[in-house]
Amino acid sequence: MTQPSSQIPDFIADQTLTPGRLGAGSEPEGDDLDPGAALPVPSGPAVATGTEEAGAAVVRMRQAATLRLAHPRRFRAGQLKGLRRLLEEEAEAICAALAADLGKPATEAMLTEVQPTRAEVDHALLYLTDWMEPQSAKVPLSFRPAAAKIEARPLGSVLVIAPWNYPFMLLMAPLVAAVAAGNTVVLKPSEKAPATSALIGRLIPQYLDPRAVAVVQGGAEAVQALLAERFDHIFYTGGERVGRIVYEAAAKQLTPVTLELGGKSPCVVADGRNWPAIARRIAFGKFTNAGQTCVAPDYVLAVGEESQRQLEKHLPKAIEEFYGADPQQSPDYGRMVNAEHLERTVALLEDALAGAEGRAPARLVHGGRADASDRFLAPTVLADVPADSALMAEEIFGPVLPIIRVDTFEEAVEFITARPHPLAAYLFTDKHRYHRAFEERVTAGGMAFDVALLQVGLTSLPFGGVGPSGMGNYHGRAGFETFSQLRPALTKTDQVDTLRMVYPPYTWAKRQALKRLL
């Protein structure tokens, strides 16, 4: 069954398509529709390529949101199932695109991009009905008889802007949340990951309803054009500088935003016992994706001489265990995204080793070799890094790990709290009192103890920053609520008017009664 064309815009009424790969169940009215019915879809190049101009995409998504196209539970579930088919059928193509953009090994691509997205989809499908169910709220005696509820309502049309470091997962995971919440979505993949961006533009209209999801590609001009449009929510993942631009643009139209930024995530190591395991876990967290991970340990604070000595001994062993004696030949080690980013990271490394501006030079513990022709920078560990070096002034976002020696755990905590709040904070120790103090005194978007990176993979945990590392969160129910309006509603019968006590005039008797009730 399709709607009469008089009730919908021409771009929807133009033609129909029997659902094949598209999610079934797409009518805006009711959940009891025939999943095999023909679906009206937009005409034009968007269906073929998944790419269109910013203004046209926004108009289509806003009109579809006005029609409540994506509201029904069945439509949402159909879209999520379409995403799941995309992940199952196109995993090889996704891995190939990620290899082209970031030199990402296929297994790493599956572990860090495809499977986490699949987990988000499966989690949303499992709990979608529960999330959509109105939640009852308590009503005080003075309001009774009455009933109150909180209902998650779609925001409307939303924009998702993705970064280049995890160009697939960091676009698809917010999409899962936005679709589950019943919104229409404009996707902006990163132009710095061109192979992944092109693949997304091709696959999205094949597996999702093009009336509900649009893809806009391009660079800064495309982002500026999108930010000039009106959305009901903007979700941005990337650096702080562009995050400020997004925030300022959204403020002009009072558009709510979620900003997933970054920062220098600290890793404190104090009084460990299993040093080989500690080194492996830090190395895995740091050098996955060639260090281009927003929650990677950005630097290590080694508490005491023994901690520093053990780290300098075992980190090189862990790196060689992972990537062999020559990581450039390893099939399991990635590459920097482009020449500019490699040049920037090498410049920070060289500055630290040179000890410029009167600072003592850092000491090279492991790695340090670069090959610009291959966008390669070896996993690198430095020691005795000055706290005021350029390497410590901004997020490194590359495979360089500074070790800074501190004498006490208290000094490590003070070092962290004197700096902007990070996206993640890690502590490796066997002393439980350090755990408690770390949780109490350190402010970060998320924490993990005796492990790094894994906290991001849990759909049951919200993910997001705090302060300069971001605002808002997602994953699982947190993502569903980010893209929803949690609308309150109160119902009170008028068959018995129990409010007469609060109506004027306020006599002495009413005032005395209200004192007792309120």
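Q: What do the side chains of D271 and K431 meet in?
A: They meet in a salt bridge, at 3.1 Å from N to O. By salt bridge I mean a side-chain nitrogen of Lys or Arg within 4 Å of a carboxyl oxygen of Asp or Glu. Before we go on, this is a predicted model: local features need pLDDT of at least 70, side-chain atom pairs count only at pLDDT 80 or more, and totals for chains, interfaces and linings use all residues. Residues are numbered from 1 along each chain as its sequence is written, and side-chain values use heavy atoms, with hydrogens and water left out.

Q: Back to that pair, then. Where do D271 and K431 lie?
A: D271 is in the loop between β10 (266–270) and α11 (275–287), while K431 is in the loop between β17 (424–429) and α15 (432–441), so their bridge ties together parts 160 residues apart in sequence. Those element names come from DSSP runs, numbered from the N terminus: helices are H or I with at least four residues, strands are E with at least two.

Q: Which residue does R273 form a salt bridge with?
A: With D430, where the closest N and O atoms are 3.1 Å apart. This pair also links distant parts of the chain, 157 residues apart: R273 is in the loop between β10 and α11, and D430 in the loop between β17 and α15.

Q: Is R273 buried or exposed?
A: R273 is exposed, with a relative accessible area of 69%. The cut-offs are under 20% relative accessible area for buried, over 50% for exposed, and partly exposed in between, using a 1.4 Å probe and protein chains only.

Q: How many salt bridges does the structure hold?
A: There are 24. One of them joins D232 to R62, with the closest N and O atoms 3.4 Å apart. D232 sits in the loop between α9 (220–227) and β8 (233–237), and R62 in helix α3 (residues 54–66), 170 residues apart.

Q: Which residues are linked in a network of salt bridges?
A: R84, E88, R118 and D122.

Q: New topic: how many residues does helix α12 have?
A: Helix α12 (residues 305–323) has 19, and it reaches 28 Å from its first C-alpha to its last, close to the 27 Å expected. That expected span is 1.5 Å times one less than the number of residues.

Q: What covers the buried residues of α12?
A: The cover includes β10, α11, β11 (299–303), β12 (363–366), β15 (380–383) and β16 (400–406). Among the buried residues of α12 are L311, L315 and I319.

Q: And what comes just after α12?
A: G324, which takes a positive phi of about 80 degrees.

Q: Which residues have the most contacts inside the largest nonpolar core?
A: L175, L187 and I282, in a core of 89 residues. Such a core is a set of buried Ala, Val, Leu, Ile, Met, Phe, Trp, Tyr and Cys residues joined through side-chain atoms within 4.5 Å. Helix α7 (residues 169–180) gives the largest share of this core, 11 residues.

Q: What does I282 touch?
A: Leaving out residues up to four places away in sequence, I282 touches C267, V269, P297, V300, L311, L315, L401 and F428. A contact here means heavy atoms within 4.5 Å.
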